[in-house]
Amino acid sequence: MSDPVRPAVEYEVIGARGVRVRMRVEGTGEPLLLLNGLARPLESWQPFANALTGRTLVSFDALGSGRSPTPLLPLSIPGLARVAVSVIDAAGLGAVDVLGFSYGGVVAQQLATRSPSRVRRLVLAATSCGVGATPGSQDLLSSLRPPSWGASWPRPDARGLWWHTMAISSWSSIGLLGLIQAPTLVVGGAYDRVVPPVNSSALASRIPGAQATVLPAGHDLQRADVAGLLASEVQSFLTDRSMVASAIG
């Protein structure tokens with residue numbers, strides 16, 4: 001059964017390069033780090049959190065989103081991965097499972113290659129390799145608008161959005177994917193117009209031993225009517241002990 005009420009603790013930490021990050025830790029069980037889509041606050045994970053059981057969920061507002069302020073100087077994708085490590089450290093954790101959605105999936109790929117000892121298992125949802133990916137047909141700016149179900153979210157900072165988009169515009173994981181050591185699940189939406197599902201296939205084909213699945217959904221896999229499907233796939237993958245055993249062996 002789902003657990004819609006989870007005790008949560010929120011606090012602010014000082015991450016890489018002195019940036020301030022708002023983060024949340026909730027639930028019990030093995031830790032799962034959640035990396036947000038572009039311009040989305042940690043509240044965007046609530047439908048997914050309600051559908052997942054037996055996990056300690058660690059989430060945070062990406063810089064310039066939610067209540068994490070935009071730093072004076074922009075960070076690169078590797079810099080954002082270092083911020084994610086700072087969040088893991090602040091939660092008092094060593095190795096964690098990682099789920100990255102959309103832009104968060106880009107940061108997750110960088111994290112898995114830059115800090116492999118911190119990533120036990122990896123889930124990449126509705127994301128791509130960055131430069132070299134098959135582009136979507138939907139205008140990027142329209143994809144950044146808060147969805148109707150997130151109307152109460154804090155508005156993202158325009159300057160933060162600009163330098164996040166600049167960071168992704170010059171980054172590619174094509175040369176990194178073969179280095180990912182963590183057991184990996186790649187999840188795509190069959191009707192995704194922002195990140196077409198062919199990008200999920202490309203990621204899975206380049207990551208050693210990766211699994212791939214396609215959900216009957218569009219790009220927004222955090223929506224309440226879709227998050228349960230994502231949670232089910234993630235739960236099955238993360239509880240498959242053979243994946244960790246094969247990685248260790």
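A cavity here is a set of points on a 1 Å grid over the protein atoms alone where a 1.4 Å probe fits but cannot get out; its volume is the space filled by probe spheres set on the points.

I noted that this is a predicted model, where local features need pLDDT of at least 70 and side-chain atom pairs 80 or more, while totals for chains, interfaces and linings use all residues. Residues are numbered from 1 along each chain, and side-chain values use heavy atoms, without hydrogens and water.

Next I checked the lining (residues with an atom within 4 Å of a point). Among the lining residues are Leu34, Phe60, Tyr103 and His164. Helix α3 (103-114) gives the largest share, three residues.

Then I turned to α5, residues 158-169. Helices are DSSP runs (H or I) of at least four residues. Its end C-alpha atoms are 17 Å apart, which agrees with the 16 Å that twelve residues should span at 1.5 Å a residue. His164 is one of the buried residues of α5, buried meaning under 20% relative accessible area with a 1.4 Å probe.

Last, I looked for aromatic pairs (ring centres within 6.5 Å) and found one. The rings of tryptophan 45 and phenylalanine 48 have centres 5.6 Å apart and planes at 70°, so I wrote down edge-to-face, the word for planes over 60 degrees apart. Both tryptophan 45 and phenylalanine 48 are buried.

Methods:
Phe/Tyr/Trp six-rings, centres within 6.5 Å; stacked < 30°, edge-to-face > 60°. Buried < 20%, exposed > 50% of the residue type's maximum accessible area, 1.4 Å probe, protein only. 1 Å grid on protein atoms, 1.4 Å probe; cavity = no way out; pocket = protein on both sides within 12 Å on 5 of 7 lines; lining within 4 Å. Helix = DSSP H or I, 4+ residues; strand = E, 2+ residues; numbered from the N terminus. Expected span 1.5 Å × (residues − 1).
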